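Welcome! Please work through the exercises below with the structure in view, and try each task before you read its solution.

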Amino acid sequence: MIAKLPTASLRKVSRDLRLSIIETHRLARGGHLGSSLSIVESLVVLFQNHFSWQEPEGQQWSGDRFVLSKGHAALALYCMLALQGRLNRELKAFGENGSCLEPHPNETLVPGVHASTGSLGQGFSIGVGMALGSQLRGAKDRVFVMLGDGELNEGQTWEAARSAATLHLRNLIVILDDNRMQQDGPTPDIMPVADALTSWQAMGWQCLEADGHDCSVLDAGLHELIHSTAAAPRMLLAHTTKAKGIEFLEGRTESHFPPPLSIEDMALVRYSLDLSLR
Amino acid sequence: MNSARTEYEVCLRDLGESHPSVVVLDAGLATSMRTNLFAEAFPERYFNLGIAEQNAAGVASGLARRGYIPLVHSFSNFLARRAHDQIALSATWPRCNVKFIGGSCGLFDGRNGPSHCATDDLAAMSALPGMTVVEPGDRNQTQQLLRKIVEEPGPAYLRLRRHGCPENLVPETAAVGGTVCIQRSRGASCTLVACGSMLQEVLKAAQILEKEHLELDLIHVSILRPLDVAPILASAADTGLVITIENHWPTGGFGDAIGRETGQLGIKHLRLNLPDQFLPAGDPEWLLNYCGLNAESIARFTASCACGVVHV
């Protein structure tokens, strides 16, 4: 595992990741920007402080796994992998014809992608299977799954959640990116989940909620869930804002797949992010 | 437990013994899919995930990534139709070592009607790049094909009859050749090609035609994808006529697969398949007759075609 970072450093890396996402989106002239920006702090805290990339020698089936079930946020994952020096291509390949950095992550092309996703709901079930496999082997690795709140529209997510609880998968940690938006508008207006936390607890999950843009709270929450002794899968409900960091797009439907930012807007965003670090 | 033990449940249990990486998943139809012997013998490797096929396909994908060989069981309609996206993207695209075991296929399982009786599963599964598709014709083949798909890496689909296959119809050694010549006759006027579960009726039809002194080549195909078409084309080069018989709708099934080969070569190819409609519910014998797929119908059709009679 990479050395754990203090909160100030996590915030700095989050700023770098956010800028990298926006700049890559700008160069590619498209991409799922809003959905990528809402998971920035979750990715940074997870990958910097809680995720082990190491695989025991000769056991390729082992090691922590991350599944971006909300696969349309691949841009954020690529930029995070690039920040950690784990990407096999330069980010400028994102969006190019025939590039391995496809709009939805393709495990057959990118080594740091542990499961191809894009059809919502599917990554969660894959994560359940990975966790079950590790549990069967008595391995100590963990499986992290990033879900979107819009993804809860899919029936498969509820099948997966119930099966994980029934199987007592204590090595499975879901981060639910609750940005309260989906492609067509606010999730509460389209297909609301009255109380995700309570719903999941009722299914047998151990749940916490946190400000999904507060690195300190996320770090503490993930630590608590990972080290809990409960014989249950765990879920961190991250309250987030879609397109976080771009003020004129935050929480807006059009942030889902917006046009690239202008150079001027990019400079404003950079200035604003730098200010927020002080 | 309903009815007598099938060959499948015994095979599965034996496979669990010889292959410790095999994990069995059920999607709430365990008593129909006959996984009970495995579940009793290896409870730590058996999971009933409830009536949730999409999740089962994904869980299997995850298990395969941890080095297991999951066998996902349900009726074929609920796999090939309902969980098709999951089978395609979660399992087949990344070439996960997942085996889908589909029951209640075609007219031999038509008692419960179109919701349960799979008639387009071959089309759905065969369409997926890299998917192995097999359908046994008898008990030997069930055992050997199950073992074969488990021992060969990658996604596979085994098309089963819910109440088991007939006793062994072809020599055991011939079972998993994929495409097997059962009979080659000098001067044969027709190549009859039985797909999977149609083997028994086709063999009966051949017996009827033998009495009528009609010489035939007889071929059985149990591995539908990848398809070994060479023995069929070799026979067709002599006979000039191929008739395929399948337990599936006309679109996207075995006949289409053979037609892609024969069409390019200008070989005459006629097809017997399930009618292009949602079938009424019925017992196997009744449906065989209704669909024109019982031995008598196959023999009549073959005789008329081989003798050059225009068939409607």
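Residues are numbered from 1 along each chain as its sequence is written, while chains are lettered from A and ligands numbered from 1 in the order in which they are written. This is a predicted model, where local features need pLDDT of at least 70, side-chain atom pairs count only at pLDDT 80 or more, and totals for chains, interfaces and linings use all residues.

**Exercise 1. Describe how helix 1 and helix 3 of chain A pack.**

Step 1: Find helix 1 (residues 7–28) and helix 3 (residues 40–49) of chain A. Helices (H or I, at least four residues) and strands (E, at least two) are DSSP runs, numbered from the N terminus.

Step 2: The two helices pack at an angle of about 125°, with their axes 9 Å apart. Axes are lines fitted to C-alpha atoms, for helices over the stretch in contact, and angles run from 0 to 180 degrees between N-to-C directions.

Step 3: Because of that angle, helix 1 of chain A is oblique to helix 3 of chain A (under 35 degrees is roughly parallel, over 145 roughly antiparallel, 65 to 115 roughly perpendicular, and the rest oblique).

Step 4: List the partners. Helix 1 of chain A contributes A:Leu10, A:Val13, A:Ser14, A:Leu17 and A:Arg18, and helix 3 of chain A contributes residues including A:Val40, A:Leu43 and A:Gln48. Contact means that C-beta atoms, placed from the backbone, lie within 7 Å.

Step 5: Sorted by class, this contact has 7 nonpolar, 2 polar and 2 charged residues (Ala, Val, Leu, Ile, Met, Phe, Trp, Tyr, Cys and Pro are nonpolar, Asp, Glu, Lys and Arg charged, and the others, Gly among them, polar).

**Exercise 2. Which elements of domain 1 of chain B face domain 2 of chain B?**

Step 1: Domain 1 of chain B spans 7–159 and domain 2 spans 172–306, with bounds from an automatic or database domain assignment.

Step 2: Their centres, taken over C-alpha atoms, are 26 Å apart. In the contact, 30 residues of domain 1 of chain B meet 32 residues of domain 2 of chain B.

Step 3: On the domain 1 side, helix 7 (121–126), strand 5 (132–134) and helix 8 (139–151) of chain B each give two or more residues. Helix 8 of chain B gives the most, with 5 residues.

Conventions: Two residues are in contact if their C-beta atoms, placed from the backbone, lie within 7 Å.
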